[in-house]
Structures are given as structure tokens and as C-alpha cells.
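Please keep the sequence and the structure at hand while reading.

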Amino acid sequence: LMIKTLLAHVLFLISLSLSAIACAEDLFVRPSGSSYGLGDGSSYENAFSGFSTVMWGEAQGQVGPGDTLYVCGDHLSMLTVRWAGTAQQPIVIDGNCHAGSINVGNNATMAIEQRAVPEGRSYIIVQNLRLTGGTSATIHCNGSASGPCRGNVYANNTITATKRGDGVGGIAIRNPSYVTIKGNTLYGANLGAKGITLDDPIGQKFPSNSFNVIEHNRVHGWYWYGIRFLGLSDTQQIEYPGRISYNDVYNNGDGIYHFRTKGVITEYNTVHHNNDTSTILGEGYGMASTRSANGIWRGNIVFSNRTKGLEPWYDDLTPPSDYTYILNNVFYDNGTGNEPFHCAIHVSNSGQNFNFPNTFILGNLVRGSKCGISVYRGVSGVIANNTVVNPEKETGIFLGTGSSNLLVVNNVLSTGGVAGIWASNNGVGGNIVISH
């Protein structure tokens, strides 16, 4: 009898699960101003009339876990997501409006905001939309320490800024947890300030088990920066890794920027022509980090940026750093502006804490920047197996004041008459310096 009762409970739970899956709905919304059949969203012909009429919840005819809301036509208002999906059944917002034999296509023009009404921040997929921004971020999820933006995916959207302002951006996610941003095209038109932002601006902490991914995006024309990963306040440092990879980032004020991060991997991006005319707000870095620790920069191609190709920058507020890896990147023709001493790779420290160990600069190819590789004040580690060709003004490898315990070995330097290595109180040996 007990076995039969247990079996009945198991079958009942399975039936409930299958019922929940079976109840997943395709719902439709079309522009306001017209009536569409029943107006209950059940089909393209009976679509919701404008975003204000969309019903949110878990009942039939409401947008809830497992449902897809197809956005059809051009909308002049903002969609506010007012319900959350689950890890097993996310809510999908899709601009590829399939309606039986009708394929309206990727033609939704709108903005999206996620907020807690009651909990519209988690397990939302936003895809295939054509979005234009207003006075704030085009896609915005505002999480908190108690309710982060968790498990969201933003994929294959096209975003264009239409108004100028420091608050105008493409995708801005606060307090993200396992968020993925992939395959989007974001165009700032020199109007929008920020392409993609993951941040925690008020120190509420990313969830400690978080890992966020920004990959395969095309980000250009943002006058402040293309991609920014902003971490905690200076007094609240924890490990919150993420990955920025395979993005094409160009014609922004700065390319890829980390601020107060720890454990972020930046790899296989193409970063170029950022602020190459000095007409927009950013300084023209290809890639840079401030007060960040345990960073890995690997396999990136970085060229024709106005200032430095890559600068990890420390000061006394930087958290303890176990390592910095700069591996197998290609840098060429960075430092296109007239400012002096803009190196392709520049690891620097402006603080008094001379304790930034285990910096490994290995296997990079540098060509044509004002100087090749430089380290400064308290940075120790290994500079090896790099090739530096034709630095324009300064030196191939510069080991600045206060650097110590550096092993510089097996580099190939073709310096065209400028100094191959400029060293002070560092161990140097086994390098090949070619001057002509």
C-alpha cells in the first residue's frame, strides 16, 4: 500500500510537471492604436494592443514562465517586464514574430526595462529585436543584492542610440548573476555613452557564485566606452569572475574597460580605432582596467587605438592581486594620438603599495606603437617570449622606477635605433635585441 501511494504521488508530480510544460504559450503584441480581434494575445490576429495591455502572470493568457511573447511591428513605447521566468522555463521576448504562415520579422522598435513588479528581473531571454534608445539604457535590468538580475540572456538584438547623454546606453545590467549578452549589434552613433555595462554601482555585491559572459557582440560608436565591467565599491572586494570574448569593439571613446573587478577573463576580442580622432569623451584605450585584480588578457587583436593598447592600472585601493596574465595578444599601431609614451602594453601603479606580484607578459606581438611594453612601480613577474617591432619613439621594453624582481628573457626586439630595453634594478638576460 505504501509503495502504491508513493507511486501515485510520483505520477501526480510528473503529471503536474508535464501539465506546466504543456501550458507554455506563444503570445503576441502589436502596436497600440488599433484593436486586434479578441485582443487577448492568443494569436497574431488577436494580439495585445500595445505593451500596456500585455497581461503578466502564470494563468492562461498571461506572460509567465515558459511563455514566449512575440513583439510584432514598430512600437513607440517601452516594454516593462513584470514577471520572472524560472531556470527551467524562462520567459522569452522575441522580435522574430512568427505567426503561422506570417513571418513579420525583426522589426520591433522599442526599449525594454526589467524591474521587480513583482519580480521581473530573472530568467528572461530577450532576442531578435531591433531597439532604439531614449534617455536611458535601451535594455535595462535593475537588480539588487536581494534580487539580482539572474540567468538572463540578451541575444541577437540590434540596438541604436538616438539621443545624446551620459546616461544613454545599449545594454545596462545592475547586479548581474549568470547573465549572458551575445550576438548583439550596438551602435552608439556618437550619441550614446555606453555600449554594454555590467555593474554594481552602489556596492551591493555581485552574487559570490556569479559568472557573467559578454561574447560575439559588435559594439561601436559609443562616445564613452564600448564594454564596461564595473565591480564593487573599494571597500567590498570579492571574487566575481566573468568572461568578455570574441567581441568586435571599435570607434568608441574607450574599447573594453574593467573597474574594480576580480577574476575577469578578456580573450579573443578585436579592439580597434577607439577615439582615434580625439573627438569623443573616452581616452582612446583599446583595453584597460583600474583597481582590478586577477585579470587574464589573452588572444586579443588590438590596433589603431589613440592611446595604449592595454593598461592594467593599480593604486593603493586595488584589492590583493594573485596574478595578472597578458598572453599571446597582437598589438599594432596603437598610440595614434600625439601624446608621448603610449605603450602597447603598460602595467602601472600610482600608489605607494609596491606589491603587485606575478605579472606574466608572455608571447605577445607588438608592432609600431610609441613603445612596446612597460611596467612601473611595484610590478614583478616575467616578461618573456614577446616580439616587439619598430616602436616609434621610446623603447622596446621599459622597466620603470620602482619595479623589482622582474625576469625579462627570450624576447625579440627590433627597435629601429631606439633603446631595446631600458631597465632599472631589474634582472635582464637572454634577450635578443636587433637594432638597425
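A residue is called buried when its relative accessible area is under 20%, exposed when that area is over 50%, and partly exposed in between, with a 1.4 Å probe and protein chains only. By this rule C371 is buried, because its relative accessible area is 0%, and C343 is likewise buried because its relative accessible area is 0%.

The model is a predicted one, in which local features need pLDDT of at least 70 and side-chain atom pairs count only at pLDDT 80 or more, whereas totals for chains, interfaces and linings use all residues. Residues are numbered from 1 along each chain as its sequence is written, and side-chain values use heavy atoms, with hydrogens and water left out.

**Overall picture**

The chain holds 45 strands and 1 helix, both taken as DSSP runs numbered from the N terminus (helices H or I of at least four residues, strands E of at least two). Of its 436 residues, 56% count as buried. Where contacts (heavy atoms within 4.5 Å) join residues at least 6 apart in sequence, 68% of them join residues at least 24 apart.

**Disulfides**

With a disulfide defined as a pair of cysteine sulfur atoms within 2.5 Å, the count comes to 3. When the bonded cysteines are numbered in sequence order, they pair as 1-2, 3-4, 5-6.

| Pair | S to S distance |
|---|---|
| C72 and C97 | 1.9 Å |
| C141 and C149 | 2.1 Å |
| C343 and C371 | 1.6 Å |

The link of C343 and C371 is right-handed, with 110° about the S-S bond. This pair joins distant parts of the chain, 28 residues apart, with C343 in strand 34 (residues 343-349) and C371 in strand 37 (residues 371-375).

The disulfide of C72 and C97 is right-handed because the torsion about its S-S bond is about 65°. It too links distant parts of the chain, since C72 lies in the loop between strand 3 (68-71) and strand 4 (78-81) while C97 belongs to strand 6 (residues 96-99), 25 residues apart. Both of these cysteines, C72 and C97, are buried.

For C141 and C149 the torsion about the S-S bond is about -105°, so that disulfide is left-handed; C141 and C149 are buried.

**A buried leucine**

L399 lies in strand 40 (residues 395-399) and counts as buried because its relative accessibility is 1%. Its C-alpha is 7.7 Å from that of I421, a residue 22 positions away in sequence.
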